[in-house]
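Okay, thanks for coming, everyone.

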Amino acid sequence: MATGQVLFHRFYCKKSFARFNVKKVAASSVWLASKLEENPRKARQVLIIFHRMECRRENLPIDHLDLYSKKYVDLKMELSRTERHILKEMGFICHVEHPHKFISNYLATLETPPELRQEAWNLANDSLRTTLCVRFKSEVVACGVVYAAARRFQVPLPENPPWWKAFDAEKSGIDEVCRVLAHLYSLPKAQYLPICKDWDSFTFSNKSLESKSHSTAKDAPRSSSPINPETALKGAPGEANIDSSGSKGALVKQASDKLNDARKSDDESKSIAAERDVKDEPTLRSRPDRKMETSGELHRDRERDRIKSRDRERGRDSDRERERGRDSDREREREEAERVKLKDHGHRSRERAKDSGHSEKSKRYSSHDRDRDYYSSSYPSREKDRHRHH
């Protein structure tokens, strides 16, 4: 509870009540505080509780919030969106230090009665309804509530030396805390006043289109201010003086003419503002739309790069196939040339072998003839020698 209230005050120190719905910021603060304090709750639980609270406060029939209805989906989206707004405004620095943890130590050090502790604790809880949590440190607030509780129960505290000096506090800060608390208790019971332009109810889901139209109507420049009929009836000092003897009908007619002219000028200014809004609508796109467009463009560029790389790879593969075909053709030609050479070489070697065989035969025949001629020529001479010997 305390952490959610501190987050609530911090957020509205930077943002306007007219722009952000108080009830939705309160629900988002409680939801975020449950996470920060390590006691998380589901968004469904937070929405059901706030829906039931509003039904009771507005004297409406308490109906069950349907978890499958469009209203619940819209409320859940608004809850998460408001939580993101809170985190963005705080820069994701959500550390909270409460005065409650100092109260017990301070009172134990001062040795006060036990009933003073409960009163100081109650005052610390009530201080979260004010802006003390964002104006002063938690030590100063703790000293202020201890001082206020001691004054209420008329418990004396040491002043020589001053007790607040031991707790790093100043008397001016303590007096301001007591003054703010006294003013809080003097106020009547708080009542809710609808200030935000958006739907101020948890029983009805707001629409984004209507919120956009409200925001654009708020930002539209107002060139002319509405004219009061009483001032129009009085007239300007620089205008032409109307004859005092004229009838009242002339005055009424002149005033009505002025009012008609003022209304026309207002209508023209509103039409001009509406045209400007229509022209500026395409440029005033939300960040998620721009992110979606940029992501779509990046996706398209990546697809184009992938297609180009695929085409390049295919072209390289086709070039490689062509080179391989050329190399295979060259190898075939070489093999055929080698085969032709081998055939020619074999044919030549056969011819040579035939020529060599004919020459050997001729040589054999010539040597045989020679021997035969020799023997034939030498045989009769030998016979003659034999006869002579005998």
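So, to start: is Asp-74 buried or exposed? Keep in mind as we go that this is a predicted model. Asp-74 turns out to be buried, with a relative accessible area of 16%, and the cut-off for that label is under 20%.

Now, who does it pair with? The side chain of Asp-74 forms a salt bridge with that of Lys-70, at 3.0 Å from N to O. Both sit in helix α4, four residues apart, so about one helical turn separates them. Lys-70, though, is exposed, at 61% relative accessible area.

Lys-35 and Glu-83 meet through their side chains in a salt bridge, 2.8 Å from N to O. Glu-83 counts as buried, at 10% relative accessibility, while Lys-35 is partly exposed at 36%.

Next, over to helix α13, which runs over residues 287-389. Glu-323 and Arg-326 are three residues apart there, about one turn of the helix, and they form a salt bridge whose closest N and O atoms are 3.5 Å apart. Here both partners are partly exposed: Glu-323 at 41% relative accessibility, and Arg-326 at 47%. There's also a network, where salt bridges with shared partners join Lys-23, Glu-54 and Glu-58. And how many salt bridges does the count come to? It's 18.

Have a look at α8, residues 138-153, and α9, residues 171-186: their axes come within 8 Å and cross at roughly 65°. The crossing is right-handed. On the α8 side, the contact residues include Val-140, Val-141, Gly-144, Tyr-147 and Arg-152. From α9, you've got Lys-171, Ile-174, Val-177, Leu-181 and Tyr-185 among them. And which classes of residue make up that contact? There are 11 nonpolar residues, two polar and two charged.

That's my tour, so let's go back to the picture and discuss.

Note on methods
Residues are numbered from 1 along each chain as its sequence is written. This is a predicted model: local features need pLDDT of at least 70, side-chain atom pairs count only at pLDDT 80 or more; totals for chains, interfaces and linings use all residues. Side-chain values use heavy atoms; hydrogens and water are left out. Axes are lines fitted to C-alpha atoms, for helices over the stretch in contact, and angles run from 0 to 180 degrees between N-to-C directions. Helices (H or I, at least four residues) and strands (E, at least two) are DSSP runs, numbered from the N terminus. A crossing is left-handed if the near helix is turned anticlockwise from the far one by less than a right angle, and right-handed if clockwise. Contact means heavy atoms within 4.5 Å. Ala, Val, Leu, Ile, Met, Phe, Trp, Tyr, Cys and Pro count as nonpolar, Asp, Glu, Lys and Arg as charged, and the others, Gly among them, as polar. A salt bridge is a side-chain nitrogen of Lys or Arg within 4 Å of a carboxyl oxygen of Asp or Glu. Buried means under 20% relative accessible area, exposed over 50%, partly exposed in between (1.4 Å probe, protein chains only).
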